[in-house]
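Work through the exercises below with the sequence and the 3D structure open. Try each task before reading its solution.

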Amino acid sequence: MNPPFENLPLWAAIPVGGLLILGAFLTLVGAIGFLRLGTFYERIHAPTLGTSGGIGAIMIASMIFFSISTRSLVIHELLIGVFITVTTPVTFMLLARAALHRDRAEQNSNVPPKQSPEGTSAEGHSS
């Protein structure tokens with residue numbers, strides 16, 4: 001069953017279109033940030049925000065559209081939102097920690113020093 005796209009009321013089409021444009025823009029900003037930033041550590045932040053925000057806006061637009069067009073409350077997209085919100089930052093944090101461990105093992109010079117539990121660096125300098 002295909003929902004009638006042309007029968008969507010104007011009061012629902014405007015927020016759906018706006019949210020789709022916002023979601024596409026946030027995703028584009030994340031992709032551009034990924035391409036433009038120099039190091040791996042800088043590149044992690046932009047896609048995380050772009051993906052989470054972009055998916056959130058597109059998900060809300062989908063919920064509005066299908067709730068109006070099917071005349072029933074459609075909220076199963078919330079599961080997608082919860083999954084994206086939980087997994088994306090955790091995945092990028094694990095990737096950053098793995099890269100940091102690799103760079104420290106290779107003694108890369110542009111890596112921050114390891115911190116001790118008391119807040120001082122391993123060389124004895126205070127932070």
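**Exercise 1. Find what follows H2, and check the length of H2.**

Step 1. Go to the residue after H2: Arg-71 follows the helix, and its phi is positive, near 55°.
Step 2. H2 has 31 residues, so at 1.5 Å a residue it should span 45 Å.
Step 3. Compare with the model. The end C-alpha atoms of H2 are 44 Å apart, which agrees.

**Exercise 2. Decide how far to trust the elements.**

Step 1. Remember that this is a predicted model.
Step 2. Take the chain as a whole: pLDDT averages 82, and 90% of the residues score at least 70.
Step 3. Helix H1 (residues 10–36) has the highest mean pLDDT, 91. Helix H2 (residues 40–70) has the lowest, 85.

**Exercise 3. Describe how H1 and H2 pack.**

Step 1. Take distance and angle. The axes of H1 and H2 come within 7 Å and cross at roughly 165°.
Step 2. Classify the angle. Angles over 145 degrees count as roughly antiparallel, so H1 is roughly antiparallel to H2.
Step 3. Assign the hand: H1 passes H2 in a left-handed crossing.
Step 4. Sort the contact residues of H1 with H2: 18 are nonpolar, seven polar and one charged.

**Exercise 4. Compare the record with the model.**

Step 1. Read the UniProt entry, which is unreviewed. It annotates residues 12–37, 49–68 and 74–96 as "transmembrane region".
Step 2. Check residues 49–68: 100% helix, 0% strand, end C-alpha atoms 29 Å apart.
Step 3. Check residues 74–96: 87% helix, 0% strand, end C-alpha atoms 36 Å apart.

Note on methods. Residues are numbered from 1 along each chain as its sequence is written. This is a predicted model: local features need pLDDT of at least 70, side-chain atom pairs count only at pLDDT 80 or more; totals for chains, interfaces and linings use all residues. Side-chain values use heavy atoms; hydrogens and water are left out. UniProt positions are given in the numbering used here, feature names are shortened, and annotations may be inferred rather than shown by experiment. Helices (H or I, at least four residues) and strands (E, at least two) are DSSP runs, numbered from the N terminus. pLDDT is the predictor's confidence in each residue, from 0 to 100. Axes are lines fitted to C-alpha atoms, for helices over the stretch in contact, and angles run from 0 to 180 degrees between N-to-C directions. Angles under 35 degrees count as roughly parallel, over 145 as roughly antiparallel, 65 to 115 as roughly perpendicular and the rest as oblique. A crossing is left-handed if the near helix is turned anticlockwise from the far one by less than a right angle, and right-handed if clockwise. Ala, Val, Leu, Ile, Met, Phe, Trp, Tyr, Cys and Pro count as nonpolar, Asp, Glu, Lys and Arg as charged, and the others, Gly among them, as polar. The expected span of a helix is 1.5 Å times one less than its number of residues.
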